[in-house]
Amino acid sequence: MTEILTIAIIDNGRGGHKDLLFSMPDLIGDKEFDTYYFGTAVGPTETIDPIKNAVSQLIQFWLDKVSKIKIGETIFLPIDFSDQYTGCLKVQKQGTQFVLTYGFSGKEGYAVDPLNPENYYQQINDFEADPEKQLIVEPTAFISTLHRQIKKLKE
């Protein structure tokens, strides 16, 4: 079974750049994001384990928010924290389905707490889809995927 999304952290020796591997095969394919702001949130580390734990904390935040989303509601789940923007997953609950869209907000990554983006997930009003594509998924399948990604990051 192909996962809706996968997340991995690699030790590439590039100081928190292009070390978060994010894949959504049916929506945006494979992407490389930075963990730089996760690193500043957790402080200096000797290994990637604290970074993996920080990313798992973000995915736990996602899980908490998608578990409570109501029909007709839209939330934004950040994953790409950059100096000039944030890349995020837009989640809309339409009927019994989630409609997922990937895109960007002009809100700078340094203005968002990657461990607890409470000031982000309901406050984005400049979302731009990239690409103009949507993925419709069952909420239980998406929630199960998030649980598996958290478990994998903590291994």
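Predicted model: local features only at pLDDT ≥ 70, side-chain atom pairs only at ≥ 80, totals over all residues.
Strand 6 comprises residues 97-105, and seven of its nine residues are buried, that is, under 20% relative accessible area. The strand is therefore largely enclosed by the rest of the structure. Its pairing partners include strand 5 (residues 86-94), to which strand 6 is joined by nine bridges in an antiparallel arrangement. Within this pair, Lys90 is positioned opposite Thr101 of strand 6. Strands 5 and 6 form a hairpin with two residues between the strands, where Gly95 adopts a positive phi near 65°.

Strand 6 also pairs with strand 8 (residues 135-137), again in the antiparallel sense, through three bridges. Here Leu100 lies opposite Leu135 of strand 8. A further antiparallel pairing, over two bridges, links strand 6 to strand 7 (residues 128-129). In that pairing, Gly103 faces Ala129 of strand 7 across the two strands.

The largest pocket of the model has a volume of about 280 Å³. Its lining consists of 17 residues, and those nearest the pocket centre are Gly15, Gly16, Asp19, Thr35 and Ile51. Helix 1 (residues 36-42) makes the greatest contribution to this lining, supplying three residues. Classified by residue type, the lining of the largest pocket contains ten polar, four nonpolar and three charged residues.

How values were computed
Residues numbered from 1 in each chain as written. Heavy atoms only, no water. 1 Å grid on protein atoms, 1.4 Å probe; cavity = no way out; pocket = protein on both sides within 12 Å on 5 of 7 lines; lining within 4 Å. Points joined across faces, edges and corners; volume = space filled by probe spheres on them. Helix = DSSP H or I, 4+ residues; strand = E, 2+ residues; numbered from the N terminus. Nonpolar A, V, L, I, M, F, W, Y, C, P; charged D, E, K, R; others polar. Buried < 20%, exposed > 50% of the residue type's maximum accessible area, 1.4 Å probe, protein only. Pairing = 2+ DSSP bridges.
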